[in-house]
Amino acid sequence: YFRRNPDLAPSLRGFRKTEVRGLTDLGFRFFIIQIAVLILFTTDKIIITQLFGPSAVTGYDVAYKLFGIVAIVQSIILGPLWSAYTEAHEQGDMEWIRSTLKKMNSLVVPLVPAILALVLLGPWIIRVWIGRDLGIDTLLLWTMGLFAFVRAWNDIYAVLLNGLGQINLQMKIAVVQSVMNIPLSIFLGKIIGVSGVLLATVISLSIFAIAGPLQTFSLLREEKLP
């Protein structure tokens, strides 16, 4: 392949010391975001285990997997857009970016009834899927539906901002979310129960649900991004 495309072959002659800092700095910020998101999405099970015992995790985990269908479908749609946004930005095609964002926002319309269907049919789906009734609390299903919606909304703007390389605000918010989520989960868990632990995650995610669109619309008001 490299013999046929010598311009693409790695070479020390193509090394530019001045580019190192920009690449490593961006990579480090993405790394911080990934660590923060990992903490945000993986601590709930640990907290539930500590507060209510391992048996309480079963219903939570099954419901989480059920509503994970929303995230899977959305990732299939949003996945290719990351690089597409980057390419459009480099070409200065802001109109395409704005148009695509509008289309992604319009997906929220069918998303709401789909999530409602999962909430209402959740007990029946889980009974057919698992083969028995796990007695999952209705409040947990509604909270899980809210979680799926907020996460889907956030992903629309996170993919766009990632593609444009505008991640400073996202990194700061991700750190704040990961720090506040644990004590808030413990507090709400003791008051509400398992649903309270998840509700704390929803509240944490809501910070970016507001700040992400505000930053995006502020950037898109400019004729050309920096």
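Helices here are DSSP runs of H or I at least four residues long, numbered from the N terminus. With that in hand, colour the chain by secondary structure. The model is predicted. Read along the sequence, the pattern is α-α-α-α-α-α-α-α. That makes 8 helices and 0 strands in the protein chain.

**Whole chain**

Start with the C-alpha trace. Along its principal axes the trace spans about 65 × 40 × 35 Å. Colour by burial next. Of the 226 residues, 40% count as buried.

Turn to contacts. Take those between residues at least 6 apart in sequence: 78% of them join residues at least 24 apart.

Then select the charged side chains. There are 19 positive and 14 negative charges.

**The largest pocket**

Select Val 37, Phe 41, Asp 155, Ala 158 and Gln 170. Of the 25 residues that line the largest pocket, these lie nearest its centre. The space in this pocket comes to about 670 Å³. Which elements give two or more residues to the lining? They are α1 (17-52), α2 (55-78), α6 (138-164), α7 (168-192) and α8 (194-220). Highlight α1 among them. Helix α1 supplies the largest share of the lining, 7 residues.

**Gln 215**

Move to helix α8 and pick Gln 215. Is Gln 215 buried or exposed? Its relative accessible area is 16%, and buried means under 20%, so Gln 215 is buried. Show its neighbours. Leaving out residues up to four places away in sequence, Gln 215 touches Leu 161, Gln 166 and Leu 169.

**Asp 93**

Next, go to the loop between α3 (81-90) and α4 (94-106), where Asp 93 lies. Asp 93 has a relative accessible area of 32%.

Finish with a distance. Pick the C-alpha atoms of Asp 93 and Gln 177. How many Å separate them? The separation is 33 Å, for two residues 84 apart along the chain.

Terms used: Residues are numbered from 1 along each chain as its sequence is written. This is a predicted model: local features need pLDDT of at least 70, side-chain atom pairs count only at pLDDT 80 or more; totals for chains, interfaces and linings use all residues. Side-chain values use heavy atoms; hydrogens and water are left out. Buried means under 20% relative accessible area, exposed over 50%, partly exposed in between (1.4 Å probe, protein chains only). Contact means heavy atoms within 4.5 Å. Lys and Arg count as positive and Asp and Glu as negative; His and the chain ends are not counted. The place of a charge is taken as NZ of Lys, CZ of Arg, CG of Asp or CD of Glu. On a 1 Å grid over the protein atoms alone, a cavity is a set of points where a 1.4 Å probe fits but cannot get out, and a pocket is an open set with protein on both sides within 12 Å along at least five of seven lines; lining residues have an atom within 4 Å of a point. Grid points are joined across faces, edges and corners, and a volume is the space filled by probe spheres set on the points.
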